[in-house]
Structures are given as structure tokens and as C-alpha cells.
Amino acid sequence: MTQSLSELCWPVARLGEALQRLARHSGMPGRPTTRMPVPDASLQRGEQPLSPWIEAAAGFLGFEAEAVGTRYAELPALLHRAGPALVQLPGDAEPRILVLLGERRGRLRVLGPDSKVEVIEWSALHGALCEDIEAPVRPSVEALLEQAQVPSRRRAQVRTLILGERLGTLWLDVGWLLRLPPGRAFRTQLRQARIHRQLGVLLAAHTTQYALGLLSWWLIGKGLLRGQVDRGWMLAWAMLLLTQVPVQMLAHQVSARLSVRAGGLLKQRLLAGALRMDVEQVRSQGAGQLLGRVLEADAFEAMALNGGLAGLLALLELLFAVAVLAAGVGLVPALLLFGWTVLTLLGGWRCIKARQRWNDSRVGMTNDLIERMVGHRTRLAQESRERWHDGEDQALEQYQRVSEHLDRREVLLTGLMPRGWLLLGMTGLALSLALGGTSPVTLAIGVGGVLLAWRAFNRLVMGLSALAESGSAWKQIASLFHAASRTEDAALPVLPTASVPATGPRRNDVLLEAQHLVFRYPERGTPALDGCDVRVHRGEHLLIEGPSGGGKSTLGALVAGLRQPQSGLLLLNGLDRRTLGPDRWRDGVVAAPQFHENHVFSGTLAFNLLMSRAWPPKPEDLELATAVCEELGLGELLARMPAGLMQIVGETGWQLSHGERSRLFIARALIQQADLLVLDESFAALDPETLRRCYQCVAARVPSLMVIAHP
């Protein structure tokens, strides 16, 4: 270690610069900016937590900063894999931030305030992070070591083990990990994760393995044909074969690492896409379609990675086979091999298209089956017995036709192409032998080339079959993949300071203002809202009445940020949603949707009430939830539940009545403590006395209220 940790720490005033330089050294492309805002003086003095500012600053630069912590026993593992990261060293004075680039050769690389990269021992950072929590127990540990007369050479190891046993479960806040958002271009994520380097190492390892294998068999074949095989030749042959073992082990290790890394990036992107999917797109799909996407995501990850790697390595092996045939028999067999490879790839493409048609039929039948199962009781009550199985025979017949077509394509691909090449290649060698001009050596080389190509074709068709299956799965998850890059909600973060309120600057007493809002559903020609104007002042309670289909719920969804207007202006505290961002908008406006769009999850009642809070809940969160439930008239329900707030509710637990569910939805929204609460027909299932009680609770707990109801 060339410098002390204190000399390598960045001051809070230069955190913006530290983030920029850390991203640049880590090779992460971000948003170019010439000047970063400086943290507030209260942040520099350590009077406020740094996480909100760092997360917002990272978002401003185009990255994500995730606050991380770990238990004492797991800290070494975290330090070994951390980077790029910001590490906050403990202390009562001004916060000290260490810019960590990552580990190299067992040591940590740190970026100093002078922009020079220094190397430190990870044990030094571990000691600095754990100094405060180790101090109370260190004297007793040292006394125990003295009493046990542990040799000095083993004291460090024994001390570490004892401290791990005593402090292993204690939690440490370490800092923040820096990474690209899952919605960035997937090619950029692969490049930043150095996937191309791992792929290059994999190809180099397999190329070396194939070259060593060919060289070993060329050596033994040449010796046998010339009658020169002796101990030296056999020893050289054995050495070449043994050399392939470590190369093959390296190839398997890199392949596994490549699959895990690429699969992890894919899962992150699909999860981000699921959270960013358009609301209307989700509403238009049934449970069967959404379940099918979940199932196909795993299939795509496994088949695409395995099939892609297998196909790539098979093509590499075919190149070696072409070289062997060209060097042995001549150019004509090599051209035949090239042509047969093109025919195989064409057959694989046709197999992919046939599997896509088969998968569409299969998924359609699965979706229909799940929808029929979900609505089984409704069909029994509403449909006549003669119509219960309408369309099932036609769907099965269509499925049988596309299955037969797919089977024919796959039989031709997996059965004919490898065996067809073996027949074609051997026939060509036989003709060459019959016409003369082929020596035994060249004939042996030709046979080896044909067999090498036959093995490569077997691998190629397996890879193409896997890619065909992944292509069908891709059709199901493509919308999730592309939804991750939606920029609709990607507002520029507003860096928090002490002088800026949580939801932006206030303008007079107007809380929310809408002008000329227009919203049209995709499947409808007439707008649900056309030129709608509304204004909500602070402390105002607004009632919106109208007939069904008049756009009341649509207006509530627009106000709550659940949908975006096609045109018009919608402001909260004088700022639009693009400026505030989705999180800050929903901090100011909270909605309780209609009963059929709300859900009671099969967890505890506390989980259903405190979904907007951190989990596990704090004691004050549970007290707030209990108080709100009491005010809404759910006290008797809590008294009946054996576990109280920790009682399991939902479909598999405690059965709630229609009115109790409605009040649970109201309580869930009240606990979020927003400036404006939108209740969409939340009082419809309540009797007059309960309605009056619930309204009094709502009126006392929210500054402004918008109630949507029927006349």
C-alpha cells in the first residue's frame, strides 16, 4: 500500500467528480456533462444520509448506484467482488469515501483524489470498515488467545475465526455499487461486462484444443504410415494429448462463466422490462399469456446460450475440417463440405420457422386452457353444456398439423444432414480412389477430414435445434426485452438538496392542475378523455361523478401516473411528470384503483398494508397500520385474527369480505401519506355508517382528496 486510506479518500464536496472518474475508469459510457452539482453543506458535514444524493447523481450521469451492505462474516467475499463501487469508511467526522475500481491479483485497486490508481490490501480496508464493531470484543479475544497460548504464527487466523463467530450476524453498511441500468443497450451491457473478451478466450481455447488434437493424430498417423513409430514418437503423441486436458478445462470454465454472466444480464433486463411494460399492454393480456412468458424466459436463456455456443463451436470445427480436406484430398471435397454446410444452415432456418408456428399453436392452447380454468365457475353458470368444449377439436387438429410439419423438418435436420454428409464424403473419397491419383496418406487424411466434419455436423444440428426452441421462446419474451429500454419514465433525476422540497417547488395553493388532457385506448377510436381540465387545490376534497364509461377512472389513472396522456398538460406542484420522474410523482399522488384492479396478496395483513414501506417493517410502521385499521373499522377483524397484523390473508389464508377488502385498499393508500389521494369507487361496497366512518378517517389523514363515484 503506497498511501494510507485517509489519503486515498475523496471529500464529499467532490463526489460528483468521483462518480464521473469511476465510471470512466470502469469503461461505462454515460451521459456527457461538464459540471456536476456539488452536494449540500449538510451532506458534507454528515448531517444527512448520502444515499439519496449518490443515487440521484448516478442516475443523472446515466448509471445506477445501489446501496449495499452485508453481514460481518460475508464482508471479505463482498470486498473481493466489489467494484466499481464507492465505500464509505466509518467515522463521526466528515464522511470519507473510497473509490474502489475492483480486485486484481488478490489486491484492491483504488482511485485516489489525484486520479492515480493505487493498490491496497483488502485486509486494510476490511480492518477500517470493522474497526468500530471489533473494538468492544478485541480485548476479550486477545485475552483468550493469551490464555490458550496460541502460537504467534497462527494468531491472526484464529483471531479472524473467533471474531467471525462473535460478530458474524452483525450488519455493516458498506457503500454503493455502480452499474449500468438494465435498460441500456444490451450490446453495451455485454461490452461493459467484457463478454466479448470471454468469448474470444473461449474460441481461442477451442481452437488450440482442435489444433493440438489434429497435430497429435497427424503425428501418430505419419509415423504409422512411414513405419517410424518408436518411443519418441509415442511420447510426443502422448504429450500432445495430455496438453489438451488443461486447455479443455479452461474452455469449460470460460464457457460456464460466460453463460452465467450473459444469463444474469438477460434476467436483469427481462425483470426491468416486466416492471416497465405498458399498463395497457398488461391489461390486454390474460393470466395464461403472462404465465407463458415467465416459462419461456427460462427456456430462452438456456437454449439460446447453449445453442449459440454449440453452433459457433461446430462452425469452428467445420473450418478445421475444410482445412484438413483441402490439405489432403484437394479442393473439391472442401467445396462439397462448404455447400453441405450451407444446406444444413438453410434447413436449420426452416426448422426455426416451423418451430415458431408450432409454438404459437401450443402457447395459444395453453393460454386458452388457463383462461378456461380461471373462469371455470363462470362458464358453468353462464354457458350451456353444449358450448363448454367449443373450438377444442379445431385447436387440437391445428396443433397436430403443425406438429407433424415440425417433426418432418427436425427429422431432416437431425437425421439426414449429418448422415448425408458422411455418405457424400465417403462417396467422394471412393471416387477419388477409383480414379487413381490418391495415395494412402492423402486417403487417410481425407477419411479423417470427413469424420471430423461428421462430428461437427452432429454438434451443429444440435445447436440449430436449440436455437429453434429459443427462437420460439424469444417471440414470447421479446416485448419484455424491448420494454426495458422504454424512455417514457426515464426522467432526469433531480439531485436532492436541503432547499428543494420532496415533490418540487410549490406554486401558490394549486396542488394539481390538468389542461386539455386527451387519452385514447388503443382498441378504441373515440377518446376516453378529450380536452379535460381539472384543478385541485391544497386541502380540497373533490368528488367526480358520472356514468359508466365516461372517463372517470381514466382521469384517476392519469392523475396517479398509472397512465400517460397523449396530449395536454398535467402538473403536480407546478412540475410535470417528466421533470419529477415516476417515483417523485407517486410520492405526491397515490391512488386506490377499482376493486377488480386491486389485489390482496397471499401474505400477511401487514405485508398487504405496508407494501409502500421497507420490509421487514419498523415498529412505527406497524403502529401506523394498526391505527389506520382501527379508524377504518377493521378493529374487530384484527381482534378475530389469531396473529393480528401477522395473519396470512388472501386466497390461501384469512377470507376477507368485499367491504373488508375495500377498507384494506383504502388503508394501504392512506399509509403512503401522499399529498393527494385518489379513491376510485372505494366506498361502493360500504354501508352508509361504515362509509361515514371511513370518510372521516380519510379526510383527517390526507391533505387533498379526489373521490370517483357513480351518481
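Good morning. The structure contains an open sheet of 6 strands, in the order β1-β6-β2-β3-β4-β5, with antiparallel pairing. Strands here are DSSP runs of E with at least two residues, helices are runs of H or I with at least four residues, and both are numbered from the N terminus. Two strands pair if DSSP finds at least two bridges between them. The edges of the sheet are β1 (64–71) and β5 (117–120), each of which pairs on one side only. From one strand to the next, the twist averages 35°; axes are lines fitted to C-alpha atoms, for helices over the stretch in contact, and angles run from 0 to 180 degrees between N-to-C directions.

Before I continue, a word on the model. This is a predicted model, in which local features need pLDDT of at least 70 and side-chain atom pairs count only at pLDDT 80 or more, while totals for chains, interfaces and linings use all residues. Residues are numbered from 1 along each chain as its sequence is written, and side-chain values use heavy atoms, leaving out hydrogens and water.

Strand β1 pairs with β6 (residues 171–179) in the antiparallel sense, over 8 bridges. Within β6, W171 is the bridge partner of R71. In general, the strands of a sheet pair through backbone hydrogen bonds, either parallel or antiparallel.

Which helices pack on the sheet? Helix α2 (residues 15–25) does, touching β2 (85–89), β3 (96–104), β4 (107–111), β5 and β6; contact means heavy atoms within 4.5 Å. The direction of α2 makes about 5° with that of β3. Helix α6 (residues 122–134) also packs on the sheet and touches β2, β3, β4, β5 and β6. The direction of α6 makes about 45° with that of β2.

I turn now to the salt bridges, of which the structure holds 18. A salt bridge is a side-chain nitrogen of Lys or Arg within 4 Å of a carboxyl oxygen of Asp or Glu. One of them joins R21 to E17, with the closest N and O atoms 2.9 Å apart. Both residues lie in helix α2, 4 residues apart, about one turn of the helix. R21 is partly exposed, at a relative accessible area of 26%, and E17 is also partly exposed, at 26%. On this scale, buried means under 20% relative accessible area, exposed means over 50%, and partly exposed lies in between, with a 1.4 Å probe and protein chains only.

Other salt bridges reach across the chain. R455 and E317 meet at 2.6 Å, N to O. This pair links distant parts of the chain, with R455 in helix α17 (residues 440–483) and E317 in helix α13 (residues 287–328), 138 residues apart. Is E317 buried or exposed? At 0% relative accessibility, E317 is buried, whereas R455 is partly exposed, at 38%.

E317 also forms a salt bridge with R459, at 3.1 Å, N to O. R459 lies in helix α17, 142 residues from E317, and is partly exposed, at 35%. Elsewhere, E134, R138, E142 and R159 are linked in a network of salt bridges.

Finally, I445 is another residue of helix α17, partly exposed at 28%. Leaving aside neighbours within four places in sequence, I445 is in contact with V324 and G328. I445 and K475 are 30 residues apart in sequence and 44 Å apart in space, C-alpha to C-alpha. Thank you.
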